[in-house]
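Open the model in your viewer and keep the sequence panel beside it. The stops below tell you what to select and what to look for.

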Amino acid sequence: MYKAYESFGKKPEFEVRENSFKVIFPNRNFSVNKANDELAIDVQETADELVLNVLQHATRDLKRTEIEGKTGLSRSKVFSSLRVLIRDGKVKVIWASVSTKYRSI
């Protein structure tokens with residue numbers, strides 16, 4: 001076990017408890033790829049832009065399901081984009097119930 005982690009930055013940890021012990025093995029296969037992180041940010045920005053574009057070109061206020069249909073984005077992606085756009089003051093919420101609609105500002 002120690003030999004497997006010789007060249008790795010983190011070493012296994014041992015936590016001794018009253019009636020047991022715990023061994024924590026750092027995942028040697030895990031790495032954060034900066035390019036993937038940047039790609040995820042780009043995808044979110046693109047989704048936000050797409051949602052905003054649909055709302056800007058709409059002739060009326062739209063429900064979330066209508067935005068999903070026009071953008072092809074998933075429910076969670078549309079919710080995420082709407083939260084960002086509302087926070088940034090680019091989209092306004094009309095009503096706040098089952099009939100919630102959205103409008104670009």
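Start with helix 3: Val78, Ser80, Ser81, Leu82, Val84 and Leu85 are buried there. Buried means under 20% relative accessible area, exposed over 50%, and partly exposed in between, with a 1.4 Å probe and protein chains only. Helices (H or I, at least four residues) and strands (E, at least two) are DSSP runs numbered from the N terminus.

A word on the source: this is a predicted model, in which local features need pLDDT of at least 70, side-chain atom pairs count only at pLDDT 80 or more, and totals for chains, interfaces and linings use all residues. Residues are numbered from 1 along each chain as its sequence is written, and side-chain values use heavy atoms, with hydrogens and water left out.

Now select residues 75-87, the whole of helix 3. Its 13 residues reach 18 Å from first C-alpha to last, close to the expected 18 Å. That expected span is 1.5 Å times one less than the number of residues. Step just past the helix to Gly89, which takes a positive phi of about 75°.

Go to strands 1 and 2. They pair in the antiparallel sense over four bridges; pairing requires that DSSP finds at least two bridges between two strands. Select Glu13 and its bridge partner in strand 2, Ile24.

Click Arg17, in the loop between strand 1 (13-16) and strand 2 (21-24). Arg17 counts as partly exposed because its relative accessibility is 42%. Its side chain makes a polar contact with the side chain of Glu15 at 2.9 Å. Such a contact is a pair of N or O atoms within 3.5 Å; within protein, one must be able to donate a hydrogen and the other to accept it, and residues adjacent in sequence count only if both atoms are side-chain atoms.

Finish with strand 3 (residues 91-94) and strand 4 (residues 101-104), which pair in the antiparallel sense over four bridges. Ile94 stands opposite Lys101. Six residues lie between the strands of this hairpin, where Trp95 takes a positive phi near 70°.

Zoom out: the chain follows the pattern β-β-α-α-α-β-β.
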